[in-house]
Amino acid sequence: EFTATLLGLKRKGDKASAPAVPIQQLPHRPDAMSSCRTWRCTASPHELLDRWSGCPEFTATLLDVNSAGLSHVDPAQPPPRGSQVELSFGSEGFILQESRSRSPGCTLVITPGTFVDSVQADQRGAQDPSAIRITALFPVWSVTLRLSSQREAQRLEQRVTELALCLTQRMQAQFTAERAVGIVEPTLREVNGTEQERDGPLVCGTYVLRTHAINRDHEFARMQPLAGPVVHCLWLELRGPIFDRITGQDTVELRYYTGHNSGSLLADVVTVGMRDFASWVPEVANNVLIVGRRDERPPAFEEEVPRLEFIAFPNDDEAAAFFDLFVATQRRDQHLANDARSRMQRCVSQRLQERQVPSGGEFECWMGELVSLSLAAPEVTPELRELREQRRLQREAEKKLVQEALGLMAEQQAQWAQDGGAGFPGSSDTVVIQASDTVAYVHKQ
């Protein structure tokens with residue numbers, strides 16, 4: 001929006017009398033260090049319909065579809081629930097079209113975070129072996145299909161998984177050909193030149209594809225327009241344990257950099273306490289780690305809808321080994337750590353044998369570009385860590401007060417039961433509730 005000449009820079013925390021720092025004195029970072037490869041979905045539904053239309057590979061019954069807030073990119077609505085549909089696959093997705101219908105089909109693009117779920121057949125939790133749910137598509141978020149048999153369901157799951165895995169490998173292959181020079185990854189050792197500028201012992205480092213999306217399975221998010229997915233190729237480092245001087249506890253950090261070289265910018269950092277087993281608990285789905293999908297507390301407001309984070313690895317083994325390394329570091333499980341390192345080392349050997357990944361030609365739905373990150377994400381300062389610790393202690397204190405209030409209520413109910421129900425609020429009574437920090441019966445009116 002603006003064009004200007006930068007005459008000087010004043011840093012936050014500098015004294016008022018200190019002169020502004022001239023721009024010539026600032027450390028210069030090469031563009032290669034401050035940019036990352038970004039992929040954006042630029043699918044054209046009409047062109048894909050012409051390319052992907054062909055002999056259907058699968059026939060199924062459409063049980064459910066999450067298409068609320070359908071993006072303007074593809075105005076074509078999916079077939080109605082309960083209808084018989086046909087699936088025709090292309091190189092990066094498939095077309096969902098109602099059987100024996102002349103209406104154009106709905107184009108569904110597979111992303112690096114696409115995964116397949118099983119479907120419950122009843123409320124008791126029994127699985128329907130012939131039904132699967134495909135999630136993290138674009139522009140429709142998810143579809144649930146029932147096929148003719150369990151074998152057909154497994155074949156469709158394998159077809160979708162292979163496409164998502166191939167897409168991830170092609171994106172990473174193009175990036176690593178440009179930037180991952182002089183390194184064999186994943187690596188379990190420090191990269192030369194980074195020992196002095198990065199805190200904590202390195203557990204594992206590797207390039208991953210990272211993307212975010214609103215969890216559209218929550219009712220507050222279903223009506224929001226679905227934005228096109230943006231995928232970043234970043235260098236991910238798992239470091240720990242790192243002693244936190246504010247909390248006095250060890251932590252584990254997941255650090256995202258624009259590259260593995262010294263001088264690369266820090267794009268994001270996730271800090272997890274060694275005893276905090278619930279703040280960062282990803283699900284492993286094939287080659288993808290999904291963070292934030294399960295939430296014990298349903299959101300009360302639209303702003304509280306959790307965002308999903310998808311971390312895509314080149315294959316299933318690396319994703320599982322990286323997750324086990326995180327768990328082993330956090331819980332100080334040496335046996336699990338040794339097993340995970342051994343499996344990760346086998347992944348390194350496999351990478352060396354399969355150094356060249358077929359590019360598969362040009363992308364049909366994705367456009368790659370180098371996006372410059374002018375500034376890195378802020379470091380976790382001591383002030384920020386202290387604020388997080390204060391909030392954590394406050395939440396624990398509130399939880400303790402609520403548990404004490406519930407205990408008092410249980411004692412009161414037991415007393416009412418001994419007294420034959422005398423004084424117990426009835427269904428027609430109005431109960432006054434104190435709801436600041438605790439929940440308890442005050443009196444009835």
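pLDDT is the predictor's confidence in each residue, on a scale from 0 to 100. This is a predicted model, so local features are kept at a pLDDT of at least 70 and side-chain atom pairs at 80 or more, while totals for chains, interfaces and linings use all residues. Residues are numbered from 1 along each chain as its sequence is written, and side-chain values rest on heavy atoms, with hydrogens and water left out.

Confidence first. The chain comes out at an average pLDDT of 76, and 71% of the residues score at least 70. Helices (H or I, at least four residues) and strands (E, at least two) are DSSP runs, numbered from the N terminus. Where pLDDT is low, the predicted coordinates should not be read in detail.

On to the sheet architecture. Six strands close into a barrel, running β2-β3-β4-β5-β6-β7 with antiparallel pairing; two strands count as paired if DSSP finds at least two bridges between them. Neighbouring strands of this sheet are turned by 45° against each other on average, direction ignored (axes are lines fitted to C-alpha atoms, for helices over the stretch in contact, and angles run from 0 to 180 degrees between N-to-C directions). Strands β2 and β3 (residues 84–89) pair in the antiparallel sense over four bridges, and Thr59 stands opposite Glu86 in β3. In general, strands of a sheet pair through backbone hydrogen bonds, either parallel or antiparallel.

Strand β7 (residues 142–146) holds Thr144, which is buried at a relative accessible area of 8%. (Buried means under 20% relative accessible area, exposed over 50%, and partly exposed in between, with a 1.4 Å probe and protein chains only.) Thr144 and Leu62 sit 82 residues apart in sequence, yet their C-alpha atoms are 6.2 Å apart. With neighbours within four places in sequence set aside, Thr144 is in contact with Thr61, Leu62, Leu63, Asp64, Val119, Ile132 and Arg133.

Next, the nonpolar cores, each a set of buried Ala, Val, Leu, Ile, Met, Phe, Trp, Tyr and Cys residues joined through side-chain atoms within 4.5 Å. The largest has 34 residues, and Val109, Met171, Phe310, Cys365 and Trp366 make the most contacts inside it. Cys365 is in contact with Arg40, Cys41, Thr42, Ala43, Leu48, Trp52, Glu92 and Val109, leaving aside neighbours within four places in sequence. Another core lies apart from the largest one and has 27 residues, including Val270, Ile311, Leu325 and Met344.

Ile311 also turns up around Asn287. Asn287 lies in the loop between β12 (283–285) and β13 (288–291) and counts as buried at 2% relative accessibility. Not counting residues up to four places away in sequence, Asn287 touches Leu165, Thr168, Ile311, Ala312, Phe313, Asn315, Asp316 and Ala319.

That leaves the charged pairs. Side chains of opposite charge can pair when their charged atoms come close. With a salt bridge taken as a side-chain nitrogen of Lys or Arg within 4 Å of a carboxyl oxygen of Asp or Glu, the count comes to 14. One of them joins Glu57 to Arg159, the closest N and O atoms being 3.0 Å apart. This pair links distant parts of the chain, 102 residues apart: Glu57 is in the loop between α1 (45–52) and β2 (58–66), and Arg159 is in helix α2 (residues 150–179). Both ends are partly exposed, Glu57 at 31% and Arg159 at 25%.

Glu190 and Arg239 form another salt bridge, at 2.8 Å between the closest N and O atoms. Glu190 is in the loop between α2 and β8 (202–214) and Arg239 in strand β9 (residues 230–244), so this bridge ties together parts 49 residues apart in sequence. Glu190 is partly exposed at 27%, whereas Arg239 is buried at 0%. Arg210 and Glu309 meet at 2.9 Å, N to O; Arg210 belongs to strand β8 and Glu309 to strand β14 (residues 307–312), 99 residues apart. Here Arg210 counts as buried at 7% relative accessibility, and Glu309 counts as buried at 8%. Finally, shared partners join Glu190, Glu237 and Arg239 into one salt-bridge network.

Definitions and conventions. Contact means heavy atoms within 4.5 Å.
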